[in-house]
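Subject: Structure handover

Hi,

Here is the structure I promised to pass on to you. Have a look at it first, and then read my notes below.

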Amino acid sequence: MVALIPGAITYFLPGLHHGYQHFLFFVIILFACMMLVESLMMLVASVVPNFLMGIIVGAGIQGLMILVGGFFRLPSDLPKPVFKFPLYYIAFHKYAYQGLFKNEFVGLTFPNVQAGNGRSPTITGEDILKRTWRIEMAYSKWVDLAILFAMIVLYRVLFLIIIKTTEKVKAVIGKFMSVTWKDKAHVSRGELR
């Protein structure tokens, strides 16, 4: 319901692509993004000990992912060393944007305002995605969705690994500390006699 109600408002209000399959894909992408943000924040919370620092670090990671996701700057315009490789490919926004753009534009044709000079009077949605948005068209929108769900699973597994490792380390440290305190107490009692 958290993805369905805002999805219905934001999908039908501007009059996006008609058809229940397109709307359902839109809602599923929203749901996947919501799950990804929650999973990422769980990961951050398991690593950062302070609540406020966790929110700050999580917001910083989200902001960085949004910046390199391909919406504000086209993928070819991103600086290559850090922002394009690896951050652009790690950011889940890349796959969400590309899936949503493919959902909206693939299969549509639009009038071409630059129809003169031997150009076609119409332009396809695929051409807009390739030339204007520079979207990777080698795979479908369903692959983008599958990548998002795979990232959800990966983040949740990483969270589980971190939590279980932290529990084991705390148990070992607790045993070590309790043995140390018992030895110190035993030694101090022996010195008193």
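A salt bridge here means a side-chain nitrogen of Lys or Arg within 4 Å of a carboxyl oxygen of Asp or Glu. By that rule, the count for this structure comes to 4 salt bridges. Please keep in mind that the model is predicted.

Arg-134 forms a salt bridge with Asp-77, and the closest N and O atoms are 3.8 Å apart. Arg-134 sits in the loop between α6 (125-132) and α7 (141-192), while Asp-77 sits in the loop between α3 and α4 (80-90), so the pair ties together parts that are 57 residues apart in sequence.

Arg-134 has another feature to look at: a positive phi of about 55°, although it is not a glycine. Most residues other than glycine have a negative phi, and most peptide bonds are trans. Pro-86 lies in helix α4.

Now for the helix packing. Helix α1 (residues 4-12) packs against α2 at an angle of about 130°, with the axes 9 Å apart. That angle makes α1 oblique to α2, and the crossing of the two is right-handed. On the α1 side, the contact involves Leu-4, Gly-7, Ala-8, Thr-10, Tyr-11 and Phe-12; these meet His-22, Phe-23, Phe-26, Val-27 and Leu-30 in α2. Sorted by type, the residues of this contact are 8 nonpolar, 3 polar and no charged.

Further along, helix α2 (residues 20-47) packs with helix α3 (residues 51-68) at an angle of about 135°, their axes 9 Å apart. These two helices are therefore oblique to each other, and α2 passes α3 in a right-handed crossing. From α2, the contact uses Val-37, Leu-40, Met-41 and Val-44; from α3, it uses Gly-54, Ile-55, Val-57, Gly-58, Ile-61, Gln-62 and Met-65. The contact of α2 with α3 divides into 8 nonpolar, 3 polar and no charged residues.

Last, the record: an unreviewed UniProt entry annotates residues 2-105 as "domain: ABC-2 type transporter transmembrane". In the model, that span is 77% helix and 0% strand, and the C-alpha atoms at its ends lie 25 Å apart.

Cheers

Conventions:
Residues numbered from 1 in each chain as written. Predicted model: local features only at pLDDT ≥ 70, side-chain atom pairs only at ≥ 80, totals over all residues. Heavy atoms only, no water. Axes fitted to C-alpha atoms, helices over the stretch in contact; angles between N-to-C directions. Helix = DSSP H or I, 4+ residues; strand = E, 2+ residues; numbered from the N terminus. Parallel < 35°, antiparallel > 145°, perpendicular 65-115°, else oblique. Left-handed = near helix turned anticlockwise from the far one by under 90°. Contact = heavy atoms within 4.5 Å. Nonpolar A, V, L, I, M, F, W, Y, C, P; charged D, E, K, R; others polar. UniProt positions renumbered as here; feature names shortened; annotations may be inferred.
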